[in-house]
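Subject: A structure for you, with notes on its salt bridges

Hello,

Here is the structure I promised to pass on. Please have a look at it first, and then read my notes below.

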Amino acid sequence: MLDTLRQWGCDIDAALERFVEDEDFYWECYNILFQGQELGELEEHLNKGEVEDAFICAHGMKGTIGNLGLTPLFELLSPMVEILRAGKLDGVQEQFELLKQSWEEYKTLCK
């Protein structure tokens, strides 16, 4: 399964270094991320126009995704975080839709 993530452009080798080569722990964290409610919470904050709460949620997700080496998701989330950091919502919804689509792919990819 790690090879599948590599083929999808993920930096698994660097991620495993952060996880001290503990693949079981990596998968535990991966599953926690995709079973969690963060994406739904982010969507809710965006729909309500709660920029600060959306930023906090997106920033936390970005850190977790970065630690897991999920580069394509990280690259979708990073511009959103910067727009939200600036207190704006311009273009965030379009970026969120791309993130949401990719999120679902990653969620089912390694089951």
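A word on terms before the details: a residue is called buried under 20% relative accessible area, exposed over 50%, and partly exposed in between, using a 1.4 Å probe and protein chains only. Please keep in mind that this is a predicted model, in which local features need pLDDT of at least 70 and side-chain atom pairs count only at pLDDT 80 or more, while totals for chains, interfaces and linings use all residues. Residues are numbered from 1 along each chain as its sequence is written, and side-chain values use heavy atoms, with hydrogens and water left out.

Now to the salt bridges. The term stands for a side-chain nitrogen of Lys or Arg within 4 Å of a carboxyl oxygen of Asp or Glu. How many salt bridges does the structure hold? There are five, and I will walk you through some of them.

One of them joins Glu 43 to Lys 100, with 2.8 Å from N to O. This pair connects distant parts of the chain: Glu 43 belongs to helix H4 (residues 38–48) and Lys 100 to helix H7 (residues 92–109), 57 residues apart. Helices here are DSSP runs of H or I with at least four residues, numbered from the N terminus. Glu 43 counts as partly exposed because its relative accessibility is 22%. Lys 100 is also partly exposed, at 29%.

Helix H4 has another pair to show you. Lys 48 forms a salt bridge with Glu 44, and their closest N and O atoms are 3.1 Å apart. The two residues are four apart in helix H4, so about one helical turn separates them. Is Lys 48 buried or exposed? With a relative accessible area of 53%, Lys 48 is exposed, whereas Glu 44 is partly exposed at 44%.

Elsewhere, salt bridges with shared partners tie Asp 3, Arg 6 and Asp 13 into one network. Within it, the side chains of Asp 13 and Arg 6 meet at 2.8 Å, N to O. Asp 13 is partly exposed, with a relative accessible area of 46%, and Arg 6 is partly exposed at 31%.

Finally, a look at Asp 24, which sits in helix H3 (residues 23–35). Asp 24 counts as exposed because its relative accessibility is 65%. From Asp 24 to Gln 101 there are 77 residues in sequence and 26 Å in space, C-alpha to C-alpha.

Enjoy exploring!

Best wishes
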